[in-house]
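Open the model in a viewer and keep the selection panel at hand. The stops below say what to select next and what is there.

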Amino acid sequence: MAISVGFRHGVHPPEEKELTNQLPIRRMPFADELVFPLRQHAGKPALLCVKVGDHVERGDTLGEADGFMSVPIHASAAGTVVDFDWWPHPDGSMAMAVRLKVDRYAPQVARPRLVPRWEGLTPAEVVQAVQRGGVVGLGGAAFPTHVKLAPPKDSAVHTLIINGAECEPYLTSDHRTMVEYAPRVLFGIRVMMRSLGVLKCVVGIERNKPDAIEAMRAAVPADLAVEILPLTVKYPQGAEKMLIKAVTGVEVPSGKLPVTVGVVVQNVGSVAAIAEVFETGLPLIERIVTVSGHGLRRPANLIVPVGTKLRDLLAFCDGLTADAAEVIIGGPMMGQAQANLDAPVIKGTTGVVVLAKNETREQRSWPCIHCGRCLEACPVFLNPSMLGDLATVGRYEEMSANHLADCMLCGSCAYVCPSNIPLAQLFQASKTALRRQLATVQ
Amino acid sequence: MNESSAPHLVVTASPHLRPGDSTPRIMWNVVGSLVPVIAAAAWFFGVSALLVVAAATLGAVLAERAFGRGGSLADGSAAITGLLLGLTLPAGLPLWMVFLGGAFGIGFGKAVWGGLGQNVFNPALVGRAFLQAAFPVAITTWPTVGGGFFTLKGDLFALPFMHPVTSAVTSATPLGLLKFEGKGTEIASLIFGGRGGSVGETAALVILAAGAYLALRDYLNWRLPVSIIATVALLSGVLHAIDPHKPDVPFMLFSGGLMLGAVYMATDMVTSPVTNLGRWVFGIGVGILVVVIRVWGGLPEGVMYAILFMNALVPFINRATQPRVFGTSLRTTT
């Protein structure tokens, strides 16, 4: 094969996937109360369309999409709306959320609904159906999926890339999805390819998931040009730009979207969610979550109703061990540590990882000794050592001139830093500071 | 799970995983790798070598304790400075001078710049340059190897500012012999040690082995010693071919402080470039300067000044060798 299957630089954190990668996906029962923040996706939050006291069925809309860059939010269980107020959000902030008291004796069957026949739909109608289904990127960023299905008119998309890299340590939800739901993923791919009008699709999967590679290969229909491509095991292989580089050999130009190189990237889980919209008509109301970590008694891969509180989820996994120290939503490299276990699982929650005390970072950091390891780790070839020096003295414009915008906060630099300097945190704060400066100038 | 578990949760910014390495660990590994080098020094120069290394380290460590920020002694960097300085000195240098050199190296080579990570020049070499300027005769008085282990190689315990009594047998270094008397030295004694010179530079093989260990553990960047040694070899090979009176390649590589400088001084992370391209530039620059100073300069040895000079250029090298950012055709600007 002429094309490369990796990218330059990157890091090798311990994979820790053996805790859950052979565990079949199970279903998590409905908790007593579910919480639905109206902001679960990139773009505008949904607009509330229920009021306190309303009774909803499973799959009913709680919030409508607010324009094209938004998706609706649906109830994942039948119940009664008991409150609409601020609630802890998994990103660490507070957000307006609908609290739903789940009917204890409801059959939890969705209302009968029309399932759209995808063959008869125009691309625009597919986009609309996907938006109505509330589907967002399930890889973590929660970018509305229908927006990716409607690329700008002047762009020539030729390849659909499906992201099955799952490079974050501990997480196995995409892995298990590919192993157990390969035909569904391929059905979603079929719908996407037709909607985008592309003839070629590549599924990139890290080599550490041989069973997923095998299952996906076996499920490829003869009439569909889908290539299953094993990739180098390296973090952050699942980052959009790294994946495109690995699959096509092309670098997405700095500051540009993948569409400029004729590529659309979609996460495995999102593709399965699209398939579900056209299989059952059900919107995105549950997702596969890896609950794992050395601080957890019983790791698992679970189908979790969106809105399930972390407290309930962890309790279902027999709770935390004595040396549990940190609860993270997402993977340990880019995820968000939780201060409040009342925060719910939302659409973008790929996993919940509980780290034991000896895995967490030390508080102490040392001065930068300019060892240069961060330069060799940075997948977009920045100079984190210099950017870190600039960040600590607040020279944000200079950071901007040195391509701070290209940093995707993957944390590879901070992971290899022997001085334990929180580089990713510094860069995130610098980006925020720059945005504020820009906002005050305008 | 109970309510009480929540208050104990740690909340850190991502990435949350603990890295496998730490700066003190790197530093103490470098210190550990120096143990065989110091042992070789003791083998050749007896207890005098140990006294010199100990005095230099004491000076450096006390200066770090006095000027360094809280707890900075524990990171091990001051110990490295002291040990390395000691290894570059003659075995007979009065200990008060040695001590002063160590303290000067840390005080003016590191603390005034802002401590670890901030200094431009290698602190051990700053200390040595100071001694060279302050005590030019004492620091070029080279005792011979051999004699009893406990025989002092010079007036080590001379009082400060007293004229030291030089009773020990001294001899010129191989580089000095060549420069001032036009005499060569047996290559075997260069490689395996046992010739005149500073306490730590005479055992080239031990230094190379320690360097290989550090490179394998990623505690030093192999590009620096390789580029320095290759440049010196290439350049002196060409010069020797043109004029056979010039020193040949093995002599240039194994005499003086080249190995100690290439493996331990030039590879100081703080004072060498952060980019790989920059490291090649730095190493080649050091190599050229070493040959130029040794062959045409007034001094017999040039490793120290070559490295110090290139140290000064590191900010410019870093700036000129920034990596090309992903998705652009340009290097970052700065």
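**Stop 1: the domains of chain A**

Colour chain A by its domain assignment, which gives domain 1 (125-279) and domain 2 (373-441); such bounds come from an automatic or database domain assignment. This is a predicted model, in which local features need pLDDT of at least 70 and side-chain atom pairs count only at pLDDT 80 or more, while totals for chains, interfaces and linings use all residues. Residues are numbered from 1 along each chain as its sequence is written, chains are lettered from A and ligands numbered from 1 in the order in which they are written, and side-chain values use heavy atoms, with hydrogens and water left out.

The C-alpha centres of domain 1 and domain 2 of chain A are 29 Å apart. Select the contact between them (heavy atoms within 4.5 Å): eight residues of domain 1 of chain A meet eight residues of domain 2 of chain A. The two domains of chain A bury about 510 Å² between them, with 61% of it on carbon and sulfur atoms; buried area is the accessible area (1.4 Å probe) that two parts lose on being put together, summed over both. Show Tyr235(A), Met242(A) and Ser254(A), which supply 58% of the area that domain 1 of chain A buries against domain 2 of chain A, more than any other three residues.

How many salt bridges does the rule find across the interface of these two domains of chain A? The count is zero, where a salt bridge is a side-chain nitrogen of Lys or Arg within 4 Å of a carboxyl oxygen of Asp or Glu.

**Stop 2: a cis peptide bond and a positive phi**

Stay on Tyr235(A): the peptide bond from Tyr235(A) to Pro236(A) is cis, with omega near -5 degrees. Pro236(A) sits in the loop between β11 (226-231) and α6 (240-248) of chain A. Helices (H or I, at least four residues) and strands (E, at least two) are DSSP runs, numbered from the N terminus.

Next select Ala142(A), a residue other than glycine with a positive phi, near 55 degrees. Ala142(A) is in the loop between α1 (123-132) and α2 (145-149) of chain A.

**Stop 3: a salt bridge within a helix**

Show the side chains of Arg176(A) and Glu180(A), which form a salt bridge at 3.0 Å, N to O. Arg176(A) and Glu180(A) are about one helical turn from each other because they are four residues apart in helix α3 (residues 173-180) of chain A.

**Stop 4: a sheet in chain A**

Move to the open sheet of three strands in chain A, with order β3-β5-β6 and antiparallel pairing; two strands pair if DSSP finds at least two bridges between them. Its edge strands are β3 (47-48) and β6 (73-74) of chain A, each pairing on one side only. Strand β5 (residues 61-64) of chain A pairs with β6(A) over two bridges. Thr61(A) has His74(A) as its bridge partner in β6(A).

**Stop 5: chain B against chain A**

Select the contact of the two chains: 44 residues from chain B and 64 residues from chain A. The area buried between chain B and chain A is about 4,700 Å², with 59% from carbon and sulfur atoms. Between chain B and chain A there are four salt bridges. Zoom to Arg373(A) and Asp218(B), which form a salt bridge with the closest N and O atoms 3.5 Å apart.

Finish at Ser14(B): the peptide bond from Ser14(B) to Pro15(B) is cis, with omega near -5 degrees. Pro15(B) lies in the segment before α1 of chain B.
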